[in-house]
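Here is a friendly note to read alongside the model. Please keep the 3D view open and find each residue as it comes up.

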Amino acid sequence: TQQGQFQIVQADSFTNRQGQSYRSIIRIERGSATDPNLLRNQIEFEPGQQFSQTAYLTSINQLQSLGILTVNRFGFTPNGSIPDYTRSDLPVYISMKTNPKHTLQMEFFGMQRYGYGSGAGLNYNNINVNGRANRLTIGLNGSFELITPETVPPNIQIEGSTIFRTLEIRTEYAVPSFVFPFFGNRFGQWYEKARTRYTLSYSQSTQLFFNINTDIRFGIRYELAHSARRSSLLDVIDMDVIDATLTGAFRQNLIDEFGENSVEFLRIEEDFRPQFSSILRYTYRDQNTDLIKRNYGYVAEFSIAYGGTIPYLIDRLVSTPGTLEGNIPSPLGISGNSLSYSQFFKATLDLRRYIEITPLTVLAYRGFAGIAQPLFQSDIIPLNRRFFAGGSSDIRGWFAFQLGPGSIATEDISVQGGEIKLAAYQELRQVLFTDLINANWQLAWHVDAGNIWYGPRTTLLDEEGRDLLADGRFRGDQFLSQVAVGSGFGIRADWDFLIFRFDVTYRVHDLQQGWFENRTPYISFGIGHSF
């Protein structure tokens with residue numbers, strides 16, 4: 001049995017209640033780096049038990065879900081012939097082939113935010129670290145975007161052309177099981193597979209109103225698949241240290257409007273202090289659709305999060321024991337200043353439905369609702385945890401991050417982002433040509449509507465006590481009049497592995513000009529469907 005290409009590396013014996021003996025045998029190719037115990041742990045039944053179709057198919061799915069191998073053949077005979085059902089026992093055979101352990105991928109992409117740009121990414125993957133199906137991914141992505149006075153919103157003035165740059169380095173390490181404090185991987189009938197994911201990233205970017213000098217993020221996530229469609233995600237740690245500064249032009253505009261020592265300017269500048277944010281978040285996801293085509297089924301996702309726990313504990317117990325300062329020292333000298341933090345609550349609901357009206361026609365619609373609320377002594381939500389609106393993958397017809405809050409015009413926005421977001425999206429896709437340049441070409445008509453708003457605790461008062469954010473604050477009796485609406489047509493080039501989209505959108509309801517008054521076309525493009 002140990003001759004040739006394969007060898008028996010594990011043979012476990014089992015005895016059932018009737019005293020009958022059975023064996024579980026793992027025969028593996030010589031030189032294989034895969035731990036046989038890993039394979040054995042995916043089997044949801046023991047030899048000698050009464051046959052269960054559910055346990056049998058679940059085991060096959062779990063072996064396939066490891067991502068390190070492909071199940072070539074499984075059945076009740078070695079060669080796939082009809083088994084002998086007159087026997088009292090039923091042998092089970094599973095034949096598997098390993099996937100390539102190391103891969104190196106390079107990608108190029110186009111982008112649109114304030115202008116038009118391009119980027120590239122390089123990713124290294126090791127799918128079987130230490131033979132236990134642990135996955136290591138190291139990625140490097142960079143992009144540039146050309147900004148000219150013609151590409152930015154007309155109410156924003158910039159001097160000449162400039163280039164926005166973004167750089168990100170990301171490392172991810174995934175383990176196909178739960179680690180501390182969850183050591184077990186058997187959770188009953190509602191469990192299919194578990195995974196622990198560690199992420200660490202570093203990024204820099206330049207933007208229209210502020211620059212991100214340093215953004216360091218670390219996360220630990222537990223992923224539990226209840227079935228092929230339903231899953232739970234628990235982010236026990238999602239920490240973000242961000243050091244952002246106002247651009248010179250935006251800072252000078254604020255000083256000219258409010259004065260350098262004014263309460264208004266100091267409140268806005270507080271938004272861009274170096275910050276330490278953390279989140280404990282639970283997400284439930286139920287999806288039954290092709291994630292690329294999105295031409296049938298649905299996606300439903302709900303998340304609830306509590307933010308600020310880790311910096312609060314550091315402030316309370318470590319940096320100044322027994323005293324709350326509202327900020328903590330910067331770790332490892334990431335920033336020369338102390339880091340502010342906020343405690344907050346955040347919840348989102350995202351519902352999507354795809355209806356195949358005919359084999360060539362799909363109606364897609366989406367609804368989104370989100371709310372974030374500061375807690376205890378905090379009165380703001382960290383900048384990177386707020387809601388934003390506008391862009392080619394959000395409410396089309398407005399540039400990225402340039403819609404809202406409320407009816408405040410872009411040039412008058414002083415506090416970026418909002419704490420409340422409501423949005424609805426609809427798209428009708430009709431195939432016009434099939435297999436043209438190996439792609440299906442679709443005509444799409446879309447309508448996007450929504451906005452963001454400030455919450456009740458976000459305040460900015462002038463010297464006379466007037467609320468400068470009144471037009472951006474959510475009010476039940478006026479929020480409907482502040483819903484922006486954009487509509488237009490687009491083209492989709494649908495390949496098996498890629499969808500390219502191009503849209504032309506008009507502002508049906510411009511919050512400054514009114515209904516059907518803005519006849520300027522807004523062009524956007526992207527990779528993949530908008531939703």
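**Notes on the predicted chain**

1. **Overall make-up.** The chain's secondary structure amounts to five helices and 23 strands; helices (H or I, at least four residues) and strands (E, at least two) are DSSP runs, numbered from the N terminus. This is a predicted model, where local features need pLDDT of at least 70, side-chain atom pairs count only at pLDDT 80 or more, and totals for chains, interfaces and linings use all residues. Residues are numbered from 1 along each chain as its sequence is written, and side-chain values use heavy atoms, with hydrogens and water left out.

2. **Extent and burial.** Taken along the principal axes, the C-alpha atoms fill a box of roughly 90 × 65 × 40 Å. Of the chain's 531 residues, 46% are counted as buried. Buried means under 20% relative accessible area, exposed means over 50%, and partly exposed lies in between (1.4 Å probe, protein chains only). Among contacts between residues at least 6 apart in sequence, 61% join residues at least 24 apart; a contact means heavy atoms within 4.5 Å.

3. **The largest nonpolar core.** A nonpolar core is a set of buried Ala, Val, Leu, Ile, Met, Phe, Trp, Tyr and Cys residues joined through side-chain atoms within 4.5 Å. The largest one here has 24 residues, and those with the most contacts inside it are Phe210, Leu254, Ile268, Phe272, Val415 and Tyr454. At least two residues each come from strand E10 (210-225), strand E11 (230-246), helix H3 (248-258) and helix H4 (263-270). H3 supplies the largest share, four residues. As background, nonpolar side chains in soluble globular proteins tend to be buried together.

4. Which residues does Phe272 touch, not counting residues up to four places away in sequence? They are Phe210, Ala244, Leu246, Leu383 and Gln416. Phe210 is placed in strand E10 and counts as buried because its relative accessible area is 9%. Thr245 is 35 residues from Phe210 along the chain, yet their C-alpha atoms are separated by 5.5 Å.

5. **Salt bridges.** A salt bridge is a side-chain nitrogen of Lys or Arg within 4 Å of a carboxyl oxygen of Asp or Glu. By this rule, the count is 27 salt bridges. One of them pairs Arg197 with Glu223 (2.8 Å, N to O). This pair links distant parts of the chain, with Arg197 in strand E9 (residues 193-206) and Glu223 in strand E10, 26 residues apart. Are Arg197 and Glu223 buried or exposed? Both are buried.

6. Arg396 and Asp448 form a salt bridge whose closest N and O atoms are 2.7 Å apart. Arg396 lies in the loop between strand E17 (361-374) and strand E18 (420-436), while Asp448 is in strand E19 (residues 439-453), 52 residues apart. Both Arg396 and Asp448 are buried. Arg429 and Glu427 also form a salt bridge, with closest N and O atoms 2.8 Å apart. Arg429 counts as buried because its relative accessible area is 3%, and Glu427 because its value is 0%.

7. **The second largest pocket.** On a 1 Å grid over the protein atoms alone, a pocket is an open set of points where a 1.4 Å probe fits, with protein on both sides within 12 Å along at least five of seven lines; lining residues have an atom within 4 Å of a point. The second largest pocket is lined by 49 residues, of which Ile25, Ile26, Val92, Tyr93 and Ile94 lie nearest its centre. Strand E2 (21-29) and helix H1 (36-41) are among the elements that each supply at least two lining residues. E2 gives the most to this lining, with eight residues.

8. **A residue to look up.** Lys101 sits in the loop between E4 and strand E5 (102-112). Lys101 counts as partly exposed because its relative accessible area is 32%. Not counting residues up to four places away in sequence, Lys101 touches Asn125, Asn126, Ile127 and Asn128.
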